[in-house]
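Student: Please take me through one part of this structure closely. I would like to look at the surroundings of the ligand.

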Amino acid sequence: MKTINDFNFADKKALVRVDFNVPLNESFEVTDDTRIQAAKPTIIKILEDGGSAVLMSHLGRPKGAQAEFSLKHIVEKVSEVIGVQVKFAADCVGAAAEEAVASLNPGEVLLLENLRYHAEETAGDKAFAEQLSKLGDIYVNDAFGTAHRAHASTTIVAQFFADNKCFGGLLAKEIESIEKVLSSGEKPVTAVLGGSKVSSKITIIENILDKVDNLIIGGGMTYTFVKAQGGKIGDSICEDDKQQLALEILKKAEEKGVKIHIPVDVIGADAFDNNANTKPMDVTTIPDGWQGLDAGPETLKKFHNVILDSKTILWNGPLGVFEMESFAKGTIALGHSIAEATEKGAFSLVGGGDSVAAVKQFGFGDKVSYVSTGGGAMLESLEGKTLPGIEAIQN
Ligand code: AMP
């Protein structure tokens with residue numbers, strides 16, 4: 001794996017694909033600069049070597065050159081984070097971009113206008129990618145959030161750089177973290193998969209059964225498994241057409257020696273409502289009119305013990321409807337367990353959609369080993385797919 005640390009950028013212009021798809025408020029101010037902060041170490045390394053950085057990103061989903069999606073809105077924020085006054089090119093290809101790059105000196109940073117102002121970007125157009133490739137001597141991909149897309153700037157452009165291409169620090173860290181969980185991590189390896197549906201996690205479950213020692217299943221998926229085994233789940237969420245699949249997963253896990261842990265008790269509620277009446281109940285005897293919306297106390301104790309025995313932990317998906325305070329306790333408790341295991345030396349990766357939101361909301365972000373920056377890209381990695389943006393650098 002070639003990273004920025006394998007290059008000296010002195011007097012070189014680095015063309016860096018970053019993910020600056022940041023949220024803006026009505027006055028076009030950046031409301032969360034996490035993604036800019038995440039790219040900072042890569043940019044600083046290039047500048048400290050004596051090189052210059054040409055940054056390219058998309059912002060939102062513009063239809064043509066819509067002013068509200070202009071990256072000029074974020075120039076000041078990027079300048080503030082990087083500590084260098086960032087220059088701006090009004091287009092990401094053509095004369096405007098090429099002239100701005102030509103006059104760029106070592107130590108300077110140029111931000112190109114939104115890549116998605118050109119439909120060729122998402123189409124993965126080769127001629128457009130070739131135009132982009134003229135804007136740097138070395139191509140650096142540091143955008144994990146778009147690594148699962150074969151877009152011009154994330155994948156196709158790499159073919160114009162022969163050996164002069166590498167992963168940025170952020171993308172390298174994402175790849176290493178996934179690697180640790182899926183192949184090189186210390187055993188026992190435990191995956192916690194929560195969330196609402198079996199159907200959206202099934203490919204991950206199938207891929208992961210070959211890699212883990214323990215699989216904790218939680219959230220809404222629980223009830224499809226419980227019903228398939230003959231339990232009574234009341235009005236809990238369930239995919240009836242996935243019951244057979246659930247039984248097959250249990251069988252496969254047994255054959256492979258993977259221990260599956262499913263909630264034994266849940267917090268039942270008499271409505272899908274934060275103010276519903278609630279009580280802990282056995283997961284196999286939920287009365288009609290009630291539904292399980294969070295993991296129960298016995299379950300949390302069991303999960304805690306499994307997590308504390310683990311040396312490598314993956315967490316994807318909440319244990320309950322954490323958006324409602326009444327059903328967030330399970331997800332918070334799991335966060336505490338993973339934080340404690342991490343403190344005792346385990347490696348923990350949180351990735352994919354809602355668990356990242358939960359981890360940030362409940363303040364576990366700096367208590368786990370790594371929080372992934374890419375939702376879809378992380379899910380596809382866990383499914384065992386090779387991401388085009390990663391493959392393009394490795395080839
Ligand atoms: P996912 O995007 O598949 O990770 O699912 C996340 C969603 O699952 C969150 O919005 C949770 O509210 C929801 N969820 C978790 N547990 C349950 C449950 N027991 N019943 C209904 N929804 C749930």
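Tutor: A polar contact is a pair of N or O atoms within 3.5 Å; within protein, one must be able to donate a hydrogen and the other to accept it, and residues adjacent in sequence count only if both atoms are side-chain atoms. With that in hand, take Gly292. One of its backbone N or O atoms lies 3.0 Å from a nitrogen atom of the ligand. Ser196 also uses its backbone: a polar atom there is 3.0 Å from an oxygen atom of the ligand. Lys201 uses its side chain, with a polar atom 3.1 Å from a ligand oxygen atom. On its own, the ligand has 500 Å² of accessible area, and the protein covers 82% of that. Such areas come from the Shrake-Rupley method with a 1.4 Å probe; for residues, only the protein chains shown count as cover.

A word on the source. This is a predicted model: local features need pLDDT of at least 70, side-chain atom pairs count only at pLDDT 80 or more, and totals for chains, interfaces and linings use all residues. Residues are numbered from 1 along each chain as its sequence is written, and side-chain values use heavy atoms, leaving out hydrogens and water.

Now the whole shell. There are 15 residues around the ligand, and Ser196, Lys201, Gly292, Glu323 and Asp354 come nearest. A residue is near a molecule or strand if one of its heavy atoms lies within 4 Å of it. By class, the shell has five nonpolar, seven polar and three charged residues. Here Ala, Val, Leu, Ile, Met, Phe, Trp, Tyr, Cys and Pro count as nonpolar, Asp, Glu, Lys and Arg as charged, and the others, Gly among them, as polar.

Next, two details of the backbone. The peptide bond from Lys187 to Pro188 is cis, with omega near -5°. Pro188 sits in the loop between helix H6 (169–184) and strand E7 (189–193). Helices (H or I, at least four residues) and strands (E, at least two) are DSSP runs, numbered from the N terminus. Phe28 is not a glycine, yet its phi is positive, near 60°. Find Phe28 in the loop between strand E1 (13–17) and helix H1 (34–49).
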